[in-house]
Amino acid sequence: MERYRTRSADHPQRQQPERAQERRPDRPVGGVPAQGGRPRPAPARRMPRPRLTGLGGGLFACVAMNLAAGIAWLLFDGSLLAYGLLFLPVAAATALWVRPADLITAPISAPIAFAAGVWPLSGGSGGFGAEVMGLVSALSLHAGWLYGGTLVSALIVVVRKAVLISRRRLPRRTA
């Protein structure tokens with residue numbers, strides 16, 4: 001079988017020169033300004049920014065809400081008010097920590113995590129039917145917390161997406 005060449009031997013592949021990093025006089029090197037003066041202080045420590053996948057964000061939210069249910073059961077006697085209050089920061093953290101490519105999964109995983117965590121607190125006793133009815137009752141009676149956390153998550157996702165789009169559309173400055 002005959003192979004055809006895509007490049008002829010007469011024309012070697014063009015090598016592109018590697019870009020040397022341009023030094024700008026206004027950017028500090030090693031914390032010391034290039035034009036002299038006082039060194040800048042070290043940046044303050046920031047909150048860690050994990051980048052969760054869509055599945056990882058959902059698992060994080062479910063585990064966190066099960067832990068929140070345990071905390072509500074141990075400290076607050078199974079109060080769904082305390083559980084709902086703990087749901088809001090979990091929904092916000094999930095929306096903040098998910099990767100930009102998986103932003104849409106955060107508002108979807110928040111209600112699933114709420115339902116997964118409220119099950120131990122729902123108060124159903126007896127058989128399977130009683131457990132399901134207790135879960136449905138807890139979800140319907142505390143839908144405000146569910147909607148509130150989902151809204152918080154959706155708003156954070158919309159703002160993050162708008163920031164990403166605006167960064168892409170800004171023209172890059174060349175100096």
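Visitor: What should I know about the model before I start?
Guide: It is a predicted model, in which local features need pLDDT of at least 70 and side-chain atom pairs count only at pLDDT 80 or more, while totals for chains, interfaces and linings use all residues. Residues are numbered from 1 along each chain as its sequence is written, and side-chain values use heavy atoms, with hydrogens and water left out.

Visitor: How many helices and strands does the protein chain have?
Guide: Helices (H or I, at least four residues) and strands (E, at least two) are DSSP runs, numbered from the N terminus. Here there are 5 helices and 0 strands, and the order from the N terminus is α-α-α-α-α.

Visitor: What share of the 175 residues is buried?
Guide: Buried means under 20% relative accessible area, exposed over 50%, and partly exposed in between, with a 1.4 Å probe and protein chains only. In this chain, buried residues make up 27% of the 175.

Visitor: And what do the contacts say about sequence separation?
Guide: Contact means heavy atoms within 4.5 Å. Among contacts between residues at least 6 apart in sequence, 69% join residues at least 24 apart.

Visitor: Let's turn to helix 2. How does its reach compare with the expected span?
Guide: The expected span of a helix is 1.5 Å times one less than its number of residues. Helix 2 has 18 residues and reaches 25 Å from its first C-alpha to its last, close to the expected 26 Å.

Visitor: Which residues of helix 2 are buried, and what do they pack against?
Guide: Among the buried ones are Leu-80, Tyr-83, Phe-87, Ala-91, Thr-94 and Trp-97. The buried residues of helix 2 pack against helix 1, helix 3, helix 4 (128-141) and helix 5.

Visitor: How do I read the packing of helix 2 and helix 5?
Guide: Axes are lines fitted to C-alpha atoms, for helices over the stretch in contact, and angles run from 0 to 180 degrees between N-to-C directions. Angles under 35 degrees count as roughly parallel, over 145 as roughly antiparallel, 65 to 115 as roughly perpendicular and the rest as oblique. Helix 2 (residues 80-97) and helix 5 (residues 143-169) pack at about 15 degrees, with axes 8 Å apart, and are therefore roughly parallel. On the helix 2 side the contact includes Gly-84, Leu-88 and Ala-92, and on the helix 5 side Gly-149, Val-152 and Ile-156.

Visitor: What is the make-up of that contact by class?
Guide: Ala, Val, Leu, Ile, Met, Phe, Trp, Tyr, Cys and Pro count as nonpolar, Asp, Glu, Lys and Arg as charged, and the others, Gly among them, as polar. The contact of helix 2 with helix 5 has 15 nonpolar, 5 polar and 1 charged.

Visitor: How does helix 1 pack with helix 2?
Guide: Helix 1 (residues 54-75) meets helix 2 at about 160 degrees, with axes 9 Å apart, which makes the two roughly antiparallel. Among the residues that meet are Phe-60, Ala-61 and Met-65 in helix 1, and Leu-86, Val-90 and Thr-94 in helix 2. That contact divides into 15 nonpolar, 2 polar and no charged residues.

Visitor: How do helix 2 and helix 3 cross?
Guide: Their axes come within 10 Å and cross at roughly 150 degrees, so helix 2 is roughly antiparallel to helix 3. By class, the contact has 10 nonpolar, 3 polar and no charged residues.

Visitor: Is Thr-94 buried or exposed?
Guide: Thr-94 counts as buried because its relative accessibility is 3%. Leaving aside neighbours within four places in sequence, Thr-94 is in contact with Gly-57, Phe-60, Ala-61, Ala-106 and Ser-109.

Visitor: Where is Pro-111 found, and what does it contact?
Guide: Pro-111 is in helix 3 (residues 105-118) and, at 26% relative accessibility, counts as partly exposed. Beyond its neighbours within four places in sequence, Pro-111 is in contact with Leu-146 and Thr-150. The C-alpha atoms of Pro-111 and Ala-91, 20 residues apart along the chain, are separated by 8.7 Å.
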